Each structure stands twice: as C-alpha cells, then as structure tokens.
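The following paragraphs lead the reader through selected features of one structure. Please keep the sequence and the model in view while reading.

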Amino acid sequence: MATTAVAAVLWIARSSSSLRHFSAHRFLTIPVGRSEASKHRRTMAAEASRASGGAERSTAPYGSWKSPITADVVSGAEKMLGGIGVAGDGRIVWIETRPEEGGRAVLVKDPSNLGDKPREIIPPEYAARTLAQEYGGGSFAVLDDVVIFSNYKDQRLYKQFIGGGLPAPLTPDYGGPLVHFADGVFHPSLKQYFTVMEGKSNPITKIVAVNIDDRVMEEPEEIVSGNDFYAFPRIDATGKKIAWIEWSHPNMPWDKAQLWVGYFSEDGQNGRSVLGILNHAKSSYLSLDVPFTYIGNIVSGANCVYVEGASAIHPLSLAKVTVDNLNAKVLDFSVVWSSSLDVAKYSSYFSSPELVKFPTETGQAAYAYFYPPSNADYQAPFDEKPPLIVKSHGGPTAEALGRLDLNIQYWTSRGWAFLDVNYGGSTGYGREYRERLLGQWGIVDVNDCCSCARFLVESGKVDEKRLCITGRSAGGYTTLACLAFRETFKAGASLYGSVVSLSSWGLLAATELVADLTLLRAETHKFESHYIDNLVGDEKAYFERSPINFVDKFTCPVILFQGLDDKVVPPEQARKIYTALKNKGLPVSLVEYEGEQHGFRKAENIKFTLEQQMMFFARLVGNFEVADRIDPIKIDNFD
C-alpha cells in the first residue's frame, strides 16, 4: 500500500462499545439459586464430553489431571515478538526471543521459499535487544537490505546487511552497556539514523542522529533535548519534517504527553482491536476483516500490511494481510510467524475465555476473563468444584487479553480454573476506567481481584477453600497486598513483584519510610521514577499500602520468584518479605535466578517457575497429587 498513489493510513481503534468489544467472547451467565447452580455443575462435564467427541474419560479430582501441555511445552512456546519491519524485497523482518537460547533476541527474515525456516540475519553472538527505560522495545529498524539494531551485550548500535557479513558498530564504545538506543528510524535521504538515546548513570534522554556510514565513527548528534522523556521519532516521506512524543515527570505518557513536529534545515541538521484503512484522499475509513481480536504493531508493504496479533484461538502471531489494489477488501490472511507453531495439536485441551462482568465494592462494574477447567481425557467427580488461580496483570497500567496463552492452558488442562482480572485501572476500557487507579493503587486492584474471586464462588463456579492468586511485577505487588490486607485467598505466588512493586519504585520497607523514600526513588530507573506518585499519593498512603509493614496480617503460604539482575524491582525486596514471613512461621519459599532481569527469559527458568508454582499450590492448598513428575523445592516452615 505504501507504493500506491492513494495516501492511506493504518488505523487501530479500541471499541468503546461493550457490544462490539466483547462480541468475540461468551458472557458468563450466573445460575440463580442452589438448584440452578447444581444443574450448571452437572452440565459442565457433559459439555466437555461432547466437545471431545464423546470419548471415554477418566474421573479424577480437579488439579490432578495429566496434560500434554507440559512445562517444557510452555517454556518452549514462550517466544515473544520484539518488533517487526519490512525489507526492500517486501518480506517481513522480526525479532523473536528464544527461551532455549537463554532468552536471546534474534533478528530473522521471512524465507523466500514456502516451507523454509525463517532466515537468521545476525550472527549467534549478537542479540537484538535494547535496555532503554529498562523494558526495552524498538530495538531495530530496516531499510531495503540494511538493518540497524541495538546489541544486547554492549548496547551499541550496529549495521547489518541482510544476506551476510558481520555487524558493523555505528556508535562509540562507552566502556560497557552504559548508553541505550531505541525506537530508531532512517532518514529517507540523509545518511543518518534518528533514535532515542538514554544514558545509564545519568539518564538524560534525547533524540539524536547517528551517522550510518560505518567507516566513520562519530558521537551521536543531538537533535532534540530538554524534557524528561522522548519517544517515537518519525520522519515524513519528504525528509523535511520530524515528529515525536515527549513528556515530563511526574506524568506517564498515557496521562499527559505532547506531540511535536520539527523542521529540518536545508542541510538536514538539526479493549477489541480493529484494523482498518483510513483514506485521506477519499475521506473514507474501511475496516479490514481479520481473525485477531488483539492487534499490536503494524507495518505496511506493497498491497499488504503485516500485523502482530492474537485471539482466543490464535497465539501471539505475525500475519500478512493482503488487500486488493483499491484497498477495499482483504484478499488473503496468512500467518508468517507464530509463538507456538504446533499449538493446534493441543486444541482439544484448550479452555475458551468467558468474559466476566462483575460488581466491585464501589458498585461499579469491572471485567475479567474466566477459563474453566478443560481436558479431553478427564472429568471431575460430580460433587467437586475446581480450585481457582487468579492472575493480577502487571503494569499496573496494562490489560489482560482474552488470547490463547499456553501459560493459562497449562493450568486449565490440569483441572484448575483460571481468572485473568482487568481490575479498575486497566487499559482497554476507556480513560475513566483507567483513571480509577489514580491515588488508589493497592486498593482498587486488590478489591477487584478479591471481588471477582468471590463472585465466582457465589456463582458456584469454583471452590471457596482453594482460591490462589499470582502476579508478575506490579501484579506481584497486588498479589502480596491481597494476601496482607484481605482473607480471600489461601496462597499466593509473586513473580518479580518482590516485597511490593511500590517499594522498588519509591515505597518503603518497615520503619525506614521517611529515610529511604528519596533513596529508593533515586535507585529505580528513570522511566518509572515518578510513576507511582500519581498512583499512590502521600507518604501515609505509601506506608499503609506496603505489605512489608503489615507482616502480622499475612495468614497463608507465599512463594516468591526473583531475578538477581532486576533493576526495576531489586532482589533485596524479595529477600525482605521472605525473611519476614519465614520469621512469622508461615510456609514460604524464595527462588532466585542468576542472569535474569525483570521478567524471566530462559526456558529452564520459565519451566521451573511454572512447575514449582503448581507444586506449591497443590501441596498447600490443592489437596491432590500432581500428575507430572516434579521434584518440589523446600518450603520453609512446612518441610
């Protein structure tokens, strides 16, 4: 489409209409009265039996079912997309992270011949991953047969020709990974690459121009600076204008950001996703019919667009959407890359998400995705209700998506029910919904996770005595806050959420509140150093919402998983809560991983984390034997 005469802009819209937003999912119906609830439970097994073609199934307690979706399968399917682009021949280029290679981010290109494997662009000793703002993103860009990427080990920018040769460094050696680059773009005529540059020891962020002639090594040239943050530098087709986003503390980019447009001098210095085409020339908009309900990155090619997306039956995928010459309709939809190519063979074990709309403590409605237990080979005893694991998503300004995720199917195919909560403050439901968390983090998210779990209990869906909760990063904080300030759950798992995510971003531990507030805020990374100012409030709120200050309120087992290289949530926070709970006499375990940062990327660690969560919950809450052969780790105050 980029080569056609008609100017077209790709458009992604999140529908605000509940009817449109939830059209791809089933609503959860609530049985009325005990007899109706009993009837509903009786039909669950029958429905599952019909779905599997009426095959003979074993009867075994929930949680004890054997499943082919093993932790090895899940850890091997934990590949992630790290960005996409289009090469000069029209073929797609992308980054995929490979757990089996220690989480290495590999640049690959769509093969020329159908059925061939994607072609690796960079040598094995390189990895395309930036550490900008700790979370990374925007690690590469491609123009014709040239790729510029940020190398993980030294964080320098390199130029790589697609088809051979070694990468050539474009930025100076700063003596280590001390300077980060992200979100770059080629200038259409100048031999320069415009990108966001961030210092490590002195995190000043700016937009710079990098000389792409690798024969001459130069310091990047400053183009825009002066604000706290910059993102998305983009240059128009004429090469005369550059646009970017900038914002300042204490705001996050989704709260208050500014769109700027600058001009080059003559010498050149200084909810549900919908895919559609906006035609400026005709003042028309055309929605494109694709099977994805979640759409992320998109780039345009010749009469096609490449889309990162997923749905309840599609894992995270990269697809090519071919349109006709008039950009009027979709001619073909084909998957170029999938995070799990052989996922279809497990389809008879998959649980489909049901959208739950539930009342909160404030009387407002909130939302979640409920996945009932599902396994083609098993059914539960008639009078048993399944255990429930509740997931609190990270962010906290993020969203749980009703897409196919083997991490969820791992639990449901073994007889667990799974609840993915979009508590107040989540994205995808409009600004008002997202702003529910302002000044209320540690209250609204906690209340909503507990309310939804209780809602399922009262609906007769799950076992009240076997409610567990898990969360990663900010979701790990919500997990611990639920366990400290509520009595809804019987056990919890916090993954790189440490003592509290609030703690690592500026909240305090124990009696060191006033003394450590400035210190801890100074130690966290720049991007989120003021994030929680708007989410929490004053120092009194910091103290009152920090679980470490209320260890006496914990009453149930906790397992903690932590990367030792985590700069977002320091490992010391996990050790503090572990020690405090151990001294209190509660069953607790702490698992630490060398070489892991904020999020686990190595296949062996992804597998170990998943299996040990299962064993921990099964031993302490589940009251069943796990079908898989897993050696459990020691649980303090239990083993």
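In this predicted model, Asn303 is placed in the loop between β21 (294-301) and β22 (304-310). Asn303 is not a glycine, yet its phi is positive, at about 55 degrees. With a relative accessibility of 22%, Asn303 counts as partly exposed, because the buried class ends under 20%.

Gln133 also calls for attention. Its loop runs between β7 (119-120) and β8, and Gln133, although not a glycine, has a positive phi of about 55 degrees. The relative accessible area of Gln133 is 17%, so this residue is buried.

Another leads from Gly395 to Pro396, where omega is near 5 degrees. Pro396 is located in the loop between β28 (388-392) and α4 (406-412).

The strand β8 leads on to a sheet. Four strands form an open sheet in the order β8-β9-β10-β11, and their pairing is antiparallel. Because β8 (140-143) and β11 (168-169) each have a single partner strand, they stand at the edges, and one side of each is left without a neighbour in the sheet. Strand β10 (residues 157-161) runs antiparallel to β11 and is joined to it by two bridges. Lys159 has Ala168, in β11, as its bridge partner.

After α6 comes Gly460, which has a positive phi near 80 degrees.

The cysteines remain to be considered. How many disulfides does the structure hold? There are zero disulfides. Cys482 takes part in none, and the nearest cysteine sulfur, belonging to Cys450, is 4.1 Å away. Cys482 counts as buried, because its relative accessibility is 1%. For Cys556, the closest cysteine sulfur is that of Cys468, at 8.5 Å, which is too far for a bond. Cys556 is likewise buried, with a relative accessible area of 5%.

How values were computed: Residues numbered from 1 in each chain as written. Predicted model: local features only at pLDDT ≥ 70, side-chain atom pairs only at ≥ 80, totals over all residues. Heavy atoms only, no water. Pairing = 2+ DSSP bridges. Disulfide = S-S within 2.5 Å. Buried < 20%, exposed > 50% of the residue type's maximum accessible area, 1.4 Å probe, protein only.
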